[in-house]
Amino acid sequence: RLGLKTEFMGRHIHSEDVVDSTQKVAHRLVFEGASEGTIIIAEEQLSGRGRMDRKWHSPKYTGIWMSVILRPNLPPAKAPQLTLITAVAVVQAIEEMTGMTPEIKWPNDILLNGKKVTGILTEMQADADRIQSIIIGIGINVNQQLEDYPEELRPIATSLAIEYGKKLERAELIKVLLVKLEKLYSLYLDQGFYPIKLLWESYAISIGKNITARTITGSISGQALGITDDGVLMIEDSHGIVHHVYSADIELEK
Ligand code: BTN
């Protein structure tokens, strides 16, 4: 129905009106054996999930609330790379649709004018040495107006419509995104992470800057050096010690 121009990404689309979370639906479909490239899209999520146990505000008809199922034959340590691939795909899709170039805040926040326009949540099922499946949840704020956001989100969240000045066709954006995602994912399986890493770094805001990373166990401040070939953030502290950060929220120092 979308008139897709992809080989496998989005060949099976489960499109729902209201769900708790498209991630939850995806978990069920993975269990039932859904194939690589299966997409779940909903018009509204009643309990959209964000990273670090946060909620994701997912009102009806205004955004893209979508989960993508992938089944790469890779070790679990490579999973963060798939989040970074997705971030690059979203940036390129927004660029193609609007001419605006968003920035990526490690690992997976996509910002326009310093405010969050997209979040990505990756959940994996794996055994010790292989990924069984990976579910990539993508939430894109497309047509919300500022007054649609709860008060507390207004200073930090935005939408494409707010920044671009007019509404966008969500189906068109999904189509473009799936093409980008398929291209980058195929490039990655073919040539490894290096070409993706270069693209990702070209869109990243934090590299070279002083940042604080808040992890579950504490915080680390220093200069963001870049990401490793596995997609792990490297921060050099004031003693010259380089820390590898797998999961955190980061804050840029002013
Ligand atoms: C974040 O920035 O914290 C990640 C947000 C991810 C939101 C998307 S919307 C589609 C999918 N379903 C969910 O419940 N969450 C993800």
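Mentor: We'll go through the ligand shell, a sheet, a helix pair and some backbone details.

Trainee: What should I know before we start?
Mentor: This is a predicted model, where local features need pLDDT of at least 70, side-chain atom pairs count only at pLDDT 80 or more, and totals for chains, interfaces and linings use all residues. Residues are numbered from 1 along each chain as its sequence is written.

Trainee: And how are helices and strands numbered?
Mentor: From the N terminus, as DSSP runs: helices are H or I with at least four residues, strands are E with at least two.

Trainee: OK, the ligand. How many residues surround it?
Mentor: The shell has 21 residues, and the closest are Ser21, Gly50, Gly119, Gly137 and Gly139. A residue counts as near if its C-beta atom, placed from the backbone, lies within 6 Å of the molecule.

Trainee: Which elements supply at least two residues of that shell?
Mentor: Helix 1 (22–31), strand 3 (63–70), strand 6 (115–126) and strand 7 (131–141) each do.

Trainee: How does the shell split by class?
Mentor: Six residues are nonpolar, eleven polar and four charged. Nonpolar covers Ala, Val, Leu, Ile, Met, Phe, Trp, Tyr, Cys and Pro; charged covers Asp, Glu, Lys and Arg; the others, Gly among them, are polar.

Trainee: New topic. In what order do the five strands of the open sheet run?
Mentor: The order is 11-10-9-8-12, with antiparallel pairing. Strand 11 and strand 12 (249–252) are at the edges with a single partner strand each, so one side of each has no neighbour in the sheet. On average, neighbouring strands of this sheet are turned by 45° against each other, direction ignored. Strands pair if DSSP finds at least two bridges between them.

Trainee: How many bridges join strand 10 and strand 11?
Mentor: Four bridges, in the antiparallel sense, between residues 233–236 and residues 242–245. Ile235 stands opposite His243 of strand 11. The two strands form a hairpin with five residues between them, and Gly240 in the turn has a positive phi of about 85°.

Trainee: And strand 8 with strand 9?
Mentor: Strand 8 (residues 210–214) pairs with strand 9 (residues 219–227) over five bridges, also antiparallel. Arg214 has Ser219 in strand 9 as its bridge partner.

Trainee: Now helices. At what angle do helix 4 and helix 5 pack?
Mentor: Helix 4 (residues 170–191) and helix 5 (residues 194–203) pack at about 135°, with axes 8 Å apart. Axes are lines fitted to C-alpha atoms, for helices over the stretch in contact, and angles run from 0 to 180 degrees between N-to-C directions. The two helices are therefore oblique to each other. Under 35 degrees is roughly parallel, over 145 roughly antiparallel, 65 to 115 roughly perpendicular, and the rest oblique.

Trainee: Which residues make the contact?
Mentor: Leu184, Leu187, Tyr188 and Gln191 of helix 4, with Tyr194, Pro195 and Ile196 of helix 5. Contact means C-beta atoms, placed from the backbone, within 7 Å. Six of these residues are nonpolar, one is polar and none is charged.

Trainee: Where is the cis peptide bond?
Mentor: From Trp106 to Pro107, with omega near -5°. Pro107 is in the loop between strand 4 and strand 5 (109–112).

Trainee: What about Asp53: buried or exposed?
Mentor: Asp53 is exposed, because 6 C-beta neighbours lie inside 10 Å. The cut-offs are 20 or more other C-beta atoms within 10 Å for buried, 12 or fewer for exposed, and partly exposed in between, with C-beta atoms placed from the backbone. Phi of Asp53 is positive, near 60°.

Methods: Contact = placed C-beta atoms within 7 Å.
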